[in-house]
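This report goes through a structure from the overall make-up of one chain down to single residues. Please keep the sequence and the 3D view at hand while reading.

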There are 2 protein chains.
Amino acid sequence: MATESTDPGSVRPGGRTARVRAAVLRAAGDALAEGGLAHLDLAEVARRAEVGRTTVYRRWGSPTQLVADLLADMAEQSLPRTETGTLLGDLRANARLVRRTLADPRQGALFKAVIAAATCDDQTAAALHRFYEIRVDAWQPCVQQAVERGELPEGTDTREVVRAVSAPLYYRLLTSDAPLDEAAADRAAEATVAAARAGVFTRSAE
Amino acid sequence: MATESTDPGSVRPGGRTARVRAAVLRAAGDALAEGGLAHLDLAEVARRAEVGRTTVYRRWGSPTQLVADLLADMAEQSLPRTETGTLLGDLRANARLVRRTLADPRQGALFKAVIAAATCDDQTAAALHRFYEIRVDAWQPCVQQAVERGELPEGTDTREVVRAVSAPLYYRLLTSDAPLDEAAADRAAEATVAAARAGVFTRSAE
DNA sequence: GCCATAACGGGACTCCCGTTCCATTAGATG
DNA sequence: CATCTAATGGAACGGGAGTCCCGTTATGGC
C-alpha cells in the first residue's frame with residue numbers, strides 16, 4: 001500500500017516548483033474567470049502558464065482538484081479587517097468588502113466558478129468550506145466585541161451572524177441577474193443587526 | 001441568415017418527441033444528483049434514457065444547455081403555498097419547505113449542480129434566474145398580505161423579503177458542511193421578520 | 001387511412017483529452 | 001562545486017467524446 005509515494009512538490013517545494021505552481025494557479029484563475037468551470041481545460045491552462053501539459057496533469061489531475069489547490073492558495077491571502085467601533089459599522093464594512101469583491105467582473109466570476117467546482121468534488125468542497133471558515137473566523141471578533149459591549153445578547157452565535165451578512169449577497173450573485181449595488185450590501189448589514197439584536201442568533205442550549 | 005432552420009421539437013412537439021424529452025430530462029436529473037455537473041456525460045444520459053446518442057447531442061448539444069432545459073421544466077412544476085395567517089408562520093413554512101428540499105440528498109445535489117451549471121453558461125443562468133423569479137413571485141403575496149395587515153411598513157420590497165428567507169439556507173448549502181437542520185430554517189424566517197419589521201426592506205425612493 | 005417529412009437512431013469517422021515513457025533540467029545536500 | 005534525484009517537458013500512444021451521414025420511424029395534416 002504505502003501511500004502512493006509522494007505528491008509532486010512535497011519533497012522539493014522550492015524554486016522552480018513553486019514558480020510553476022504560481023503560474024498555473026494564476027492561469028487557472030484567469031481561465032475560470034473568463035469561461036467558468038465547464039470551459040476549464042487543463043491543456044489550455046498549461047499553455048497560458050507556459051508550462052508542460054504533463055506537469056499539470058500529473059500534479060493536479062483534474063479541473064476540480066486544480067480549483068481545490070487554488071482555494072488553498074486563496075485562503076492564505078487574508079484581507080485586513082477594519083474596525084469602526086460599532087456593530088453596524090463593522091458589519092457594513094464587511095458587507096461592502098464582500099460586495100466589492102463579488103461585483104468585480106474577474107473576482108465575481110472566479111468565486112462563482114470556484115463554488116461550482118465545489119459542488120462536483122468532495123475535496124474541492126472541503127477546500128471551499130475551509131476558505132469560508134477562515135474568513136468567518138477573521139470577522140467573528142467584531143461580533144464578539146459587540147456582545148461584550150452589550151450591543152447583542154449573551155450566547156449569540158457570533159459566526160452565524162457573520163455568515164448572515166454574506167448570505168444575501170451570494171444568493172443574489174448566484175440566483176439573480178440584478179446588480180450587486182452598495183445598497184444591497186448595506187441592507188444585508190442592517191438586516192443582520194436587526195435580527196441579531198432581536199436574539200435570533202442566540203443558541204438556546206449547549 | 002434565416003435563423004438556422006428550427007430547433008428539433010418545435011415543429012412536431014407531440015408524442016415521441018415529448019416522450020424522449022421527458023426521459024432525457026429525468027436521466028439528466030439523476031446523473032446530476034449523483035455525480036454533479038463535472039460528471040454529466042451526454043453519452044451516459046442517452047444510455048440511461050434509452051435514447052440514441054445522436055438525438056441528445058443534436059437537441060441539447062452541451063451539458064449546460066441540457067441543464068437549461070431541465071430548469072425550464074422544473075420551473076413549470078410549482079408547489080402549493082400554505083397560508084397560516086401570520087407573516088412568521090408563512091415565512092417559516094416557506095423556509096422549512098426550502099430546507100427540506102435542499103436537505104434531501106437527491107434534490108439538494110440537483111440544486112447544487114444546477115447552480116453550478118448556471119455559472120458556466122449565460123442561457124443556463126437566464127433559465128435559473130427565471131426559475132427563482134417564479135418561485136419568489138409565488139410566495140411574495142404572503143408578504144404583501146402582511147403589509148396590508150399592518151405587520152410590515154408600507155413600501156416594503158416584498159420580493160426581497162422572500163429572498164432573504166432562502167439566502168442563508170443556500171449559503172449554508174454551498175459554503176459549509178454543516179447540516180441544514182430545521183432550526184436553521186426557523187432562524188432564517190425569524191431573522192427575516194425581525195429585519196422586515198425594522199424597515200430594512202423598504203425601498204427609500206422610486 | 002395516406003402521404004410528406006420532422007425527428008430519431010445506428011454506425012463510421014475524426015479529433016483531442018489524458019496517459020505513459022524517457023530524456024533533460026535544476027533544487028537540495030555535503 | 002560536485003552529486004543525486006525530484007520535478008519538469010517533449011513525443012508518441014490509446015480511447016472515448018462529439019460529429020456526420022443516411023436509413024428508419026412515426027407524427028401531423030389532409
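The model is predicted, so local features need pLDDT of at least 70 and side-chain atom pairs count only at pLDDT 80 or more, while totals for chains, interfaces and linings use all residues. Residues are numbered from 1 along each chain as its sequence is written, chains are lettered from A and ligands numbered from 1 in the order in which they are written, and side-chain values use heavy atoms, with hydrogens and water left out.

## Chain A overall

Chain A has nine helices and zero strands. Helices (H or I, at least four residues) and strands (E, at least two) are DSSP runs, numbered from the N terminus. In sequence order the pattern of chain A reads α-α-α-α-α-α-α-α-α. The C-alpha trace of chain A spans about 55 × 40 × 30 Å along its principal axes.

Of the 206 residues in chain A, 50% are buried. Buried means under 20% relative accessible area, exposed means over 50%, and partly exposed is in between (1.4 Å probe, protein chains only). Among the contacts in chain A with a separation of 6 or more, 67% join residues 24 or more positions apart. A contact means heavy atoms within 4.5 Å.

## Annotated spans

The annotation "domain: HTH tetR-type" covers residues 18–78 of chain A, and the annotation "DNA-binding region" covers residues 41–60 of chain A. UniProt positions are given in the numbering used here, feature names are shortened, and annotations may be inferred rather than shown by experiment.

In residues 18–78 of chain A, 77% is helix and 0% strand, and the end C-alpha atoms lie 20 Å apart.

Two packed helices are described by the angle between their axes and the distance between the axes. Axes are lines fitted to C-alpha atoms, for helices over the stretch in contact, and angles run from 0 to 180 degrees between N-to-C directions.

Helix H1 (residues 16–35) of chain B packs on helix H2 (residues 42–49) of chain B at an angle of about 125°, and their axes are 8 Å apart. That angle makes H1(B) oblique to H2(B); angles under 35 degrees count as roughly parallel, over 145 as roughly antiparallel, 65 to 115 as roughly perpendicular and the rest as oblique. The contact involves B:Ala23, B:Val24, B:Ala27, B:Ala28, B:Asp30, B:Ala31 and B:Glu34 of H1(B), and B:Val45, B:Arg48 and B:Ala49 of H2(B). By class, the contact of H1(B) with H2(B) has seven nonpolar, no polar and three charged residues. Ala, Val, Leu, Ile, Met, Phe, Trp, Tyr, Cys and Pro count as nonpolar, Asp, Glu, Lys and Arg as charged, and the others, Gly among them, as polar.

Helix H5 (residues 87–103) of chain B and helix H9 (residues 182–197) of chain B cross at roughly 140°, and their axes come within 8 Å. H5(B) is therefore oblique to H9(B). Residues in this contact include B:Leu87, B:Leu91 and B:Arg99 of H5(B), and B:Glu182, B:Thr192 and B:Val193 of H9(B). The contact of H5(B) with H9(B) has seven nonpolar, one polar and six charged residues.

## Single residues

| Residue | Relative accessible area | Residues touched |
|---|---|---|
| A:Gln140 | 14% | A:Thr158, A:Arg159 and A:Val162 |
| A:Ala164 | 18% | A:Thr192 and A:Phe201 |
| A:Ala117 | 0% | A:Leu37, A:Thr64, A:Val67 and A:Thr124 |

A:Gln140 is in helix H7 (residues 122–149) of chain A. A:Ala164 lies in helix H8 (residues 158–175) of chain A, and its C-alpha atom is separated by 9.5 Å from that of A:Phe201, 37 residues apart along the chain. A:Ala117 is found in helix H6 (residues 105–118) of chain A.

A:Glu50 lies in the loop between helix H2 (42–49) and helix H3 (53–59) of chain A. Phi of A:Glu50 is near 55°, a positive value in a residue other than glycine. With 73% relative accessibility, A:Glu50 counts as exposed. In chain B, B:Glu50 is in the loop between H2 and helix H3 (53–59); phi of B:Glu50 is near 55°, and B:Glu50 is exposed at a relative accessible area of 75%.
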